[in-house]
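Subject: Structure handover

Hi,

Here is the structure I promised to send over.

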Amino acid sequence: MTMISIPVETRSASYQVHLHEGAFEPLTSYLEEKGFRAFFLVDAQVYRYHTDGVHDLTGFNKGVFRTLIMKPSEKMKTMASVNRILSFLQDHGADRKSVLVIIGGGIIGDIGSFAASVYMRGIRFIQVPTTLLSVIDSSVGGKTGVNFGGRKNFIGTFTQPESVWSGRSLLMTLPRAEWESGYGEMVKYAFLYDRQFFERVAGFFRLKGSARQEELNSIMAECIAIKARIVAADETETGPRKLLNLGHTFAHAIESATSFKVKHGVAVSAGLICAAELSVVRGMLSRKTADEYISLCREISFPKLLSLIDPAELWKLMQSDKKSSNGEVRFVLLREGEPPAYDIPVNEKIVSQAIKNSLHWFE
Ligand SMILES: NC(=O)c1ccc[n+]([C@@H]2O[C@H](COP(=O)([O-])OP(=O)(O)OC[C@H]3O[C@@H](n4cnc5c(N)ncnc54)[C@H](O)[C@@H]3O)[C@@H](O)[C@H]2O)c1
């Protein structure tokens with residue numbers, strides 16, 4: 001795979017997302033070339049599996065110690081972790097010209113970028129996503145943040161990275177469950193974009209070996225390009241960027257209801273099923289098309305506990321989602337023969353019906 005670079009142009013920034021073979025090599029040269037004084041935040045699992053590469057990149061072998069290693073979980077995606085990163089930066093003398101290089105999945109990416117966005121009123125940061133989910137989604141578009149008061153991503157900023165570097169071989173150490181989680185967000189793009197892309201993603205799940213590998217590289221690039229276009233049109237989510245929340249109002253409630261036992265991308269996939277069922281109940285989508293959409297989500301395995309979810313509890317959690325106001329919950333819904341629509345208000349009775357209709361898919 002030769003390096004693919006995808007431009008992201010927003011109101012506040014222009015940058016490149018690079019997809020390349022190997023792990024950190026092109027980034028090492030880039031940091032040297034730019035003369036950045038870099039600080040590093042590294043996901044503990046990535047450090048464990050890619051120790052030599054991290055040491056080369058961070059200058060550890062030359063006696064440079066500007067690296068903080070953190071173990072991610074939704075429970076540590078909090079202000080306490082942000083404080084730890086801010087103290088690390090301050091204690092090691094980071095200044096406004098410094099750059100924080102953030103190496104890890106979506107959790108380390110979200111907390112690290114939030115810390116960088118507020119340290120000294122904002123320093124530059126580079127994202128090095130290491131999970132499928134973070135490559136195709138969370139590292140691009142500048143949403144930073146942490147959970148707060150039991151609510152997902154409640155505190156945060158919109159701050160774009162300086163650049164994004166995704167090394168293909170970093171993904172090779174991902175456990176199967178993390179691939180499945182990433183597929184959840186991939187399927188979301190398939191729902192959002194056109195028929196041709198939907199067919200490609202469906203076809204991808206049937207491929208094996210090197211053909212699957214090659215197709216994955218190309219689909220990842222396409223997902224990033226789709227996100228780049230949406231973010232360029234609406235950086236701060238006042239309009240079409242809301243489409244990227246397809247399935248997410250359900251997903252965030254599912255994550256909270258299960259005390260984060262369900263991985264984000266798996267919850268998204270379950271949320272996409274609920275959104276498809278809701279679109280049917282609202283009369284916006286035919287049963288036949290919904291089943292086609294849902295068949296893609298079924299490529300991801302769901303844990304048993306999803307089928308036990310209580311619709312009333314989910315509704316309560318959805319009402320407290322940051323995207324809701326005055327107890328009214330608005331959804332991104334699918335439409336027959338048309339692109340999805342956002343900001344559709346739906347009442348509890350209809351949402352409960354849709355959740356009930358969804359539960360059998362999780363058995
Ligand atoms: N900012 C955004 O726009 C945005 C978009 C989507 C999701 N998110 C957030 O992303 C988070 C989920 O991210 P995630 O799915 O990457 O989970 P994650 O960050 O928890 O990573 C998943 C697991 O994989 C491990 N890991 C990471 N890279 C690895 C590698 N190369 N090899 C082996 N193990 C590795 C991690 O240590 C962790 O245990 C959620 O908190 C979600 O809210 C943010």
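Below are my notes on the ligand site and on one helix.

A bit of housekeeping: this is a predicted model, where local features need pLDDT of at least 70, side-chain atom pairs count only at pLDDT 80 or more, and totals for chains, interfaces and linings use all residues. Residues are numbered from 1 along each chain as its sequence is written, and side-chain values use heavy atoms, leaving out hydrogens and water.

Ligand first. There are 27 residues around the ligand, and Asp-43, Glu-74, Gly-106, Thr-131 and Lys-152 come nearest (near here means a heavy atom within 4 Å). That shell has eight nonpolar, nine polar and 10 charged residues (Asp, Glu, Lys and Arg count as charged; Ala, Val, Leu, Ile, Met, Phe, Trp, Tyr, Cys and Pro as nonpolar; the others, Gly among them, as polar). Because domain 1 (4-174) and domain 2 (177-362) both give residues to the shell, the ligand lies between them; the bounds come from an automatic or database domain assignment.

As for polar contacts (N or O pairs within 3.5 Å), a ligand oxygen is 2.7 Å from a polar backbone atom of Gly-106, and a polar side-chain atom of Thr-131 is 2.6 Å from an oxygen of the ligand. The protein buries 91% of the 870 Å² that the ligand exposes when taken alone (Shrake-Rupley, 1.4 Å probe).

Eight of its 10 residues are buried, so H10 is largely enclosed by the rest of the structure (buried is under 20% relative accessible area, 1.4 Å probe, protein chains only). Among them are Phe-250 and Ile-254.

Cheers

Terms used. Polar contact = N/O pair within 3.5 Å; in protein donor to acceptor, adjacent residues only side chain to side chain. Buried < 20%, exposed > 50% of the residue type's maximum accessible area, 1.4 Å probe, protein only. Helix = DSSP H or I, 4+ residues; strand = E, 2+ residues; numbered from the N terminus.
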